[in-house]
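Have a go at each task before reading its solution.

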Amino acid sequence: MSARLWLLQLSTPLLAILFGALVSSAIILAIGKNPLDVYTLMIRFNVTRADSIASILFKTTPLILAGLAVALSFRAALWNIGVEGQYYIGALCAAVVAFGVKGLPAVVHLPLTMAAAVIGGMAWALVPIALKLRRGAHEVITTIMMNHIAAATILYFLTDVLRDPTQVGTPRVRTPIFEPTARIPSMRGVLDAIGFQIPGYSSLNWLLPVGVALAIALYLLLSRTRFGYEVRAMALNPDAAEAGGIRIGRVQFTMFMLSGAVAGLVGLNDVLGFFGYLDIDFPKGLGFLGISIALLAKNNPLGVIPSALLIAFLDRGAQGVQVFAGVPREVITILQAVIILAIVVAYELLTRYVRNVRKREAGRVVAAAGPVLEPGG
């Protein structure tokens with residue numbers, strides 16, 4: 001690809017963000033505020049306060065995992081809308097191991113708890129992909145239904161099976177407190193050692209570097225391995241890929257199960273890194289945010305990291321402008337939605353433009369080569 005096309009591709013998300021900011025500026029003006037003051041306040045609130053930076057990074061962690069889970073399925077031309085339900089079940093399985101298994105050292109208990117979350121996510125993803133490959137059931141329908149079943153399942157277990165007996169008679173519905181050996185350690189010690197001090201109440205933990213490392217590993221898997229080549233070939237043209245010897249069903253099954261495995265980890269940042277128990281106020285909606293992040297990143301595992309950071313940045317900034325500038329939080333929500341819409345449209349226009357440029361370049365090459373001689377002609 002020429003340097004001009006690379007530059008155009010890189011500038012597309014920036015132009016979309018600028019467009020989203022312009023649309024939001026009109027809304028901010030309509031409510032009687034100065035957009036420049038609001039954006040300045042948001043940036044200053046986010047980047048000059050240690051608590052804001054820690055909060056942004058804490059919010060980024062589950063968003064990276066959710067974005068990766070969705071991007072993996074999208075890369076295989078599968079619509080996994082069920083990340084939401086898969087991380088519910090992953091968190092439930094992790095909670096059972098976290099408070100039910102006792103006497104293990106942290107180096108064993110924590111990996112075992114995370115493995116339970118992964119297995120839970122994969123188990124919940126197994127049903128839709130099995131129905132698709134065996135019966136042709138569309139994964140959009142089945143994953144949405146599985147989300148509803150997961151929500152009801154987790155509510156049943158919390159209220160009737162796993163509820164902490166010490167909380168009976170109170171309005172609080174949660175599991176027993178987790179063993180300390182199952183909690184994800186805080187990053188505060190390491191950050192203090194390098195001179196970046198975060199507030200004592202911050203729950204920024206080691207799941208963040210795990211999420212970043214996972215994004216890098218998945219990028220290498222999809223870009224530098226034979227399996228990654230098979231995924232790309234299948235996504236571009238399934239019929240041609242199958243004719244070339246690629247087993248489409250095997251690739252789709254593997255990618256969907258990988259998606260479910262990563263989805264199982266989404267809830268751990270809050271459950272193991274913050275609360276220390278699972279309750280009915282467990283954070284919801286992260287799976288659907290993962291769809292936005294995957295679209296922003298164009299399903300690139302490395303692109304998921306800045307996309308998650310952007311969403312977390314806007315979310316934290318919304319709190320600042322709401323408190324200090326009196327701007328409704330809904331304005332920032334509109335900004336997020338407009339940016340995502342603008343990027344999706346911009347990518348579609350860019351894809352068409354690149355396709356047309358390549359057709360013209362191929363036409364010029366054929367014309368320069370001259371007429372093709374027939375055998376014996």
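**Exercise 1. A salt bridge and its network**

Which side chain meets Asp51 in a salt bridge at 3.5 Å, N to O?

Solution. Please keep in mind that this is a predicted model.
- Step 1: The partner is Arg316, whose side chain meets that of Asp51 at 3.5 Å, N to O.
- Step 2: Asp51 lies in helix 3 (residues 50–75) and Arg316 in helix 14 (residues 301–324), so the pair ties together parts that are 265 residues apart in sequence.
- Step 3: Check the burial of the pair. Asp51 is buried, and so is Arg316. For Asp51, the relative accessible area of 16% falls under the 20% cut-off, which means that Asp51 counts as buried.
- Step 4: Look for a further partner. The side chain of Asp51 also meets Arg49 in a salt bridge, at 2.9 Å, N to O. Arg49 is partly exposed, with a relative accessible area of 33%.

**Exercise 2. A bridge between two loops**

Find the salt bridge partner of Glu179, and say where the two residues lie.

Solution. 
- Step 1: Glu179 forms a salt bridge with Lys102, and their closest N and O atoms are 3.2 Å apart.
- Step 2: This pair links distant parts of the chain, 77 residues apart. Glu179 sits in the loop between helix 6 (139–161) and helix 7, whereas Lys102 sits in the loop between helix 4 (83–100) and helix 5 (106–135).
- Step 3: Compare with the cut-offs. Glu179 has 22% relative accessibility and so counts as partly exposed, while Lys102, at 56%, counts as exposed.
- Step 4: Now return to the earlier residues.

**Exercise 3. Positive phi angles**

Which loop holds Lys298, and is Asn299 buried or exposed?

Solution. 
- Step 1: Lys298 lies in the loop between helix 13 (286–296) and helix 14, and Asn299 lies in the loop between helix 13 and helix 14 too.
- Step 2: Inspect the backbone. Lys298 is not a glycine, yet has a positive phi of about 55°. Asn299, also not a glycine, has a positive phi of about 65°.
- Step 3: Turn to accessibility. Asn299 counts as buried at 16%, whereas Lys298 is partly exposed, with a relative accessible area of 39%.

**Exercise 4. Surface and overall picture**

Which residues make the nonpolar surface patch of about 310 Å²?

Solution. 
- Step 1: The patch is made by Leu15, Leu18 and Leu22.
- Step 2: Ala193, in helix 7 (residues 188–193), is exposed, with a relative accessible area of 68%.
- Step 3: Of its 377 residues, 46% count as buried.
- Step 4: Finish with the fold. The protein has 15 helices and 0 strands, and its C-alpha trace spans about 90 × 55 × 40 Å along the principal axes. Among contacts between residues at least 6 apart in sequence, 74% join residues at least 24 apart.

Methods: Residues are numbered from 1 along each chain as its sequence is written. This is a predicted model: local features need pLDDT of at least 70, side-chain atom pairs count only at pLDDT 80 or more; totals for chains, interfaces and linings use all residues. Side-chain values use heavy atoms; hydrogens and water are left out. Patches are made of residues with over 30% relative accessible area and no salt bridge: like charges are joined within 9 Å, nonpolar side chains (Val, Leu, Ile, Met, Phe, Trp, Tyr) within 5 Å. Accessible areas come from the Shrake-Rupley method with a 1.4 Å probe; for residues, only the protein chains shown count as cover. A salt bridge is a side-chain nitrogen of Lys or Arg within 4 Å of a carboxyl oxygen of Asp or Glu. Helices (H or I, at least four residues) and strands (E, at least two) are DSSP runs, numbered from the N terminus. Buried means under 20% relative accessible area, exposed over 50%, partly exposed in between (1.4 Å probe, protein chains only). Contact means heavy atoms within 4.5 Å.
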